[in-house]
Amino acid sequence: MKKICMLSMLMAGLLISILATAAPKFPIQEPMGGEAFGHSVKNIGNGVYVFRWWVYRNIFLVTDEGVIVTDPMNPKAAKLLRNEIRKVTDKPVKYVVYSHNHHDHISGGNVFEAEGAKFVGHENLLKELSDHPSPVIPLPSITFSDKHTLTLGGRNLELSYFGPNHGESLVVMRLPKEKILFTVDIVTPRRVAFRGMPDFWPDEWVRSLKEIEQMDFDYVITGHGPENQPAIDPASIVAEQRIYLEDLMAAVKKAMDSGTHSPDALRKTVKLPKYENWQYYKEWLPMNIERIWAYYHMGW
Ligand SMILES: [Zn+2]
């Protein structure tokens with residue numbers, strides 16, 4: 001009886017794993033709610049728009065010859081974005097630029113591919129997306145290794161790669177005329193680092209931000225921000241993010257150097273009161289601390 005039971009469980013398990021292999025590996029429809037999360041569009045001026053869906057944001061640039069779209073987010077948001085673009089121009093979307101490899105930012109580009117848009121991203125994206133493919137993420141046909149300037153209708157969008165920091169394909173975008181930077185995930189204003197810092201390399205993150213601070217820009221638009229936050233922030237938020245990470249790393253290192261090695265103890269004892277008014281301080285700081293513990297403990 002026990003054996004039969006075991007066998008049927010094994011069979012069921014096998015069937016489930018066969019089904020799981022046959023099905024798409026990643027969710028492709030409305031991964032995080034939908035209309036209920038709300039969306040909005042802000043016209044920054046000079047043809048620059050900020051599109052927000054839930055807590056995700058991108059920019060799109062309207063020129064005389066067509067539109068440059070960044071991160072299409074997910075299939076639902078991409079359709080809403082396309083409708084919003086249609087309200088301001090009848091010019092086609094010519095380019096879709098991916099900020100990095102993470103599916104929550106770059107799914108849903110099919111609607112623009114159907115219009116004939118070309119997809120642009122860092123060359124490492126090709127490997128990352130072949131390791132983690134998705135039917136709603138068209139592969140980029142225009143790739144680059146260090147810097148690339150996309151030109152359309154007399155407008156430039158400069159793309160820069162700073163090495164690994166969050167994944168290995170993250171590009172920072174700059175509108176040189178307006179001195180606006182669009183950056184995703186590595187800068188989020190007045191918020192501690194995201195949860196357990198998935199796919200973030202703490203030391204490379206700090207190094208990249210220092211290099212970004214040397215760029216010529218006055219404003220920053222970030223890939224995350226709830227509805228009640230400004231669509232555009234001053235350049236100083238880049239340094240603020242970097243200083244938070246340095247403070248976090250220094251506080252964890254100090255506690256470890258003075259004998260606290262358990263991540264559970266560190267989560268409870270390390271505090272950063274300077275950031276108490278930042279978003280998710282209470283909820284996410286302990287997770288940030290554990291990630292930094294892993295960095296010092298495991299060298300990773
Ligand atoms: Zn990401």
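In helix H6, Pro202, Trp205, Ser208, Leu209 and Ile212 are buried; a residue counts as buried if 20 or more other C-beta atoms lie within 10 Å of its own, as exposed if 12 or fewer do, and as partly exposed in between, with C-beta atoms placed from the backbone. These residues cover an arc of only 120° around the axis, which puts them on the same side of H6; the arc is that of the directions from the helix axis to the C-beta atoms. H6 itself spans residues 202-213, and its twelve residues reach 17 Å from first C-alpha to last, close to the 16 Å expected at 1.5 Å a residue (the expected span is 1.5 Å times one less than the number of residues).

The model is a predicted one, in which local features need pLDDT of at least 70 and side-chain atom pairs count only at pLDDT 80 or more, while totals for chains, interfaces and linings use all residues. Residues are numbered from 1 along each chain as its sequence is written.

Stepping back to the whole chain, there are nine helices and 13 strands; these are DSSP runs numbered from the N terminus, with helices (H or I) of at least four residues and strands (E) of at least two. Of the 300 residues, 37% count as buried. Among contacts with a separation of 6 or more, 64% come from residues 24 or more positions apart, a contact being two residues whose C-beta atoms, placed from the backbone, lie within 7 Å.

Another series of pairings begins with strand S2 (residues 48-53), which runs antiparallel to S3 and is joined to it by six bridges. Tyrosine 49 has phenylalanine 60 in S3 as its bridge partner. The two strands form a hairpin with two residues between them, and tryptophan 54 in the turn has a positive phi of about 55°. S3 (residues 56-63) is mostly covered, as seven of its eight residues are buried. S3 also forms a hairpin with S4, again with two residues between the strands, and valine 62 has valine 67 in S4 as its bridge partner.

S4 and S5 pair in the parallel sense over four bridges, and isoleucine 68 stands opposite tyrosine 95. Four of the five residues of S5 (residues 93-97) are buried, so this strand is largely enclosed by the rest of the structure.

The largest nonpolar core has 69 residues, of which Ile59, Phe60, Leu61, Val67, Ile68, Val96 and Val97 touch the most other members. Such a core is a set of buried Ala, Val, Leu, Ile, Met, Phe, Trp, Tyr and Cys residues joined through C-beta atoms within 7 Å.

Methods:
Two strands pair if DSSP finds at least two bridges between them.
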